[in-house]
Amino acid sequence: MKSLKRWGITTVGALAATLALTACGGASGAPVETGTPAPSSSEAAAPAELTFWGWAPGYADSVKAFNASQSDVVVKYEEIQPGSRGGYEKMLNAVQAGNAACLGQVGYETLTSFAAQGALEDVSQYANANQGEYVEFAWNSVKVGDKVFGAPVDTGPMAMYYNKELFEKHNIEVPATWDEYKTAAEKLKAANPKIKISSPYANYDYAGMSWQAGALWFGIEGDSWKVSVDSDENKKVAEYWQSLVDAGTISKAPMYDPAWFKGLGDGSIATLVGAVWQAGVIKGDAADGAGKWAVAPMPQWDAANPSVGNVGGSATAVLKGCETPEAAWKFANFLSTDADSYGNLIDKAALYPAAKALLDLPQLTKEDKYFSGQKIFDVFKEEALKVNTDWTWGPNMPLTTTKLDDGLNKGWAGNGKLVDALVEANTATVENMKSQGINVAD
């Protein structure tokens with residue numbers, strides 16, 4: 001890769017008004033008191049000072065812990081609106097104005113867009129020594145080419161949540177492949193036509209299905225982007241789910257809609273193939289399913305060569321203009337790898353570690369009554385190591401996912417074909433990139 005500018009957007013802020021991406025966590029706005037740094041000797045140099053913008057519950061506690069742990073760097077935490085609710089726009093506008101914080105919480109799906117706009121600092125000279133501490137796909141998510149723009153914090157490896165009680169009642173094997181999944185769908189429908197194997201998937205949840213299949217949406221060829229949302233590999237995934245729609249085995253209830261939670265709770269939706277953090281979503285909003293559900297590995301296209309997708313996850317990114325990038329990296333790496341601090345983030349924000357050494361934290365080894373007493377994170381620990389490492393996000397994901405959702409919604413509702421959604425999203429994405437002067441390979 002020769003130049004970010006040649007395949008990116010040269011003006012920071014070009015996408016600020018359109019960045020409205022999915023993100024997790026709560027929000028407010030006021031600066032948060034982050035504790036007093038450990039005292040330093042009178043001979044020591046003044047500590048580097050930097051500001052961190054984020055919104056995940058528990059981040060303020062991590063900043064306090066870091067400040068108390070050393071005397072070289074002082075971090076001030078400012079809680080901002082989540083990225084989808086204005087946080088990303090704030091970051092991009094501040095970078096353009098030259099007054100951004102050193103660090104910002106940025107979702108993996110957005111980081112590439114930030115990098116393409118020149119809104120991030122390359123910290124590879126400080127970060128590369130820590131690469132081996134992280135699961136490979138997470139590390140790749142903070143890189144563009146050979147440049148590293150932040151530290152991976154959390155990930156969203158996928159697995160299959162399923163209504164164990166329902167499968168046992170109807171004597172149906174838990175599917176290990178997508179062929180078996182389709183068979184299970186047909187058996188459930190035969191047992192009770194009201195039972196649907198799953199429900200529709202939107203934007204980033206759908207992307208996880210493509211990710212697992214190796215059906216890439218973006219790549220880089222020399223100085224150009226390669227857009228492949230409508231590739232043959234992607235059409236295979238779409239046609240598979242279309243076959244389930246056509247067979248009447250997919251619920252009409254949109255994800256995160258009250259009807260969806262009702263279906264998960266009352267047994268009319270039998271599975272959810274989703275990210276690790278969706279365990280909390282189900283537990284919180286489908287309480288009627290308590291004790292009935294369990295977690296199994298994601299069904300495979302090729303059982304002999306298992307692969308897993310990812311949904312979500314975020315980085316502590318170093319924003320352009322940070323005057324203390326080495327100090328910024330020191331804190332970012334602490335946030336992602338300190339066991340005590342991260343244990344608190346699991347409790348408060350339900351984050352799942354990107355750091356390999358933290359996958360055995362006590363918070364991740366507990367039996368879960370909602371999931372039939374299962375230690376569900378044992379499944380996700382195994383699945384995290386199978387996540388396809390080739391995935392790359394594009395430079396304008398809001399446009400791509402908006403166009404994709406328009407078509408997917410029609411397809412899931414039976415008013416169109418899922419394959420058509422891919423073609424339309426691909427065409428719109430390429431046109432948008434070219435209109436912004438971004439190089440796109442044929």
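Mentor: A residue is called buried when its relative accessible area is under 20%. Keep that cut-off in mind for what follows; the model here is a predicted one.

Trainee: How many of the residues of helix α4 are buried?

Mentor: Helix α4 spans residues 108-116, and nine of its nine residues are buried, so the helix is largely enclosed by the rest of the structure. The buried residues of α4 include Tyr108, Glu109, Leu111, Thr112 and Phe114. Ser113, Ala115 and Ala116 are also buried.

Trainee: How many bridges join β6 to strand β9?

Mentor: Five bridges join β6 to β9, residues 271-275, and the two strands run antiparallel. To read the pairing residue by residue, find the partners: Met158 has Ala275 of β9 as its bridge partner, and Tyr162 stands opposite Thr271.

Trainee: In what sense do β6 and strand β11 pair?

Mentor: β6 and β11, residues 310-318, pair in the antiparallel sense, over six bridges. Asp154 has Ser314 of β11 as its bridge partner. Strand β10, residues 293-296, also pairs with β6 in the antiparallel sense, over four bridges. There the bridge partner of Met160 is Ala296.

Trainee: Which residue takes a positive phi in the hairpin of β7 and β8?

Mentor: Gly222 does, with a phi near 60°, in a hairpin that has two residues between its strands. Strand β7, residues 218-221, and strand β8, residues 224-227, run antiparallel and are joined by four bridges. Within this pair, Ile220 stands opposite Trp225 of β8.

Trainee: At what angle do helix α13 and helix α14 pack?

Mentor: Two packed helices are described by the angle between their axes and by the distance between the axes. For α13, residues 325-337, and α14, residues 339-349, the angle is about 60° and the axes are 6 Å apart. On the α13 side the contact is made by Phe334, Leu335, Ser336 and Thr337. Ala339, Ser341, Tyr342 and Leu345 make the contact on the α14 side. By kind, the residues of this contact are five nonpolar, three polar and no charged.

Trainee: Is Ser336 buried or exposed?

Mentor: Ser336 is buried, because its relative accessible area is 0%. A polar atom of the Ser336 side chain lies 2.6 Å from the backbone oxygen of Pro152. With neighbours within four places in sequence left aside, Ser336 is in contact with Tyr134, Ala151, Pro152, Val153, Tyr342, Ala355 and Leu358.

Trainee: Where is Asn396 found?

Mentor: Asn396 is found in the loop between α15 (376-384) and α16 (397-412). Asn396 has a relative accessible area of 6%, so it is buried. Its side chain makes a polar contact with the side chain of Asn432, at 2.8 Å.

Trainee: Where is Ser231 found?

Mentor: Ser231 is found in the loop between β8 and α10 (232-246). Ser231 counts as buried because its relative accessible area is 15%. The side chain of Ser231 makes a polar contact with the side chain of Glu233, at 3.3 Å. As for distance, Ser231 and Thr112 lie 119 residues apart in sequence and 21 Å apart in space, C-alpha to C-alpha.

Trainee: Which residues is Trp241 in contact with, leaving aside its neighbours within four places in sequence?

Mentor: Those residues are Trp178, Tyr181, Ser198, Tyr201, Met209, Ile250, Trp412 and Leu418.

Notes:
Residues are numbered from 1 along each chain as its sequence is written. This is a predicted model: local features need pLDDT of at least 70, side-chain atom pairs count only at pLDDT 80 or more; totals for chains, interfaces and linings use all residues. Side-chain values use heavy atoms; hydrogens and water are left out. Axes are lines fitted to C-alpha atoms, for helices over the stretch in contact, and angles run from 0 to 180 degrees between N-to-C directions. Contact means heavy atoms within 4.5 Å. Ala, Val, Leu, Ile, Met, Phe, Trp, Tyr, Cys and Pro count as nonpolar, Asp, Glu, Lys and Arg as charged, and the others, Gly among them, as polar. Buried means under 20% relative accessible area, exposed over 50%, partly exposed in between (1.4 Å probe, protein chains only). A polar contact is a pair of N or O atoms within 3.5 Å; within protein, one must be able to donate a hydrogen and the other to accept it, and residues adjacent in sequence count only if both atoms are side-chain atoms. Two strands pair if DSSP finds at least two bridges between them.
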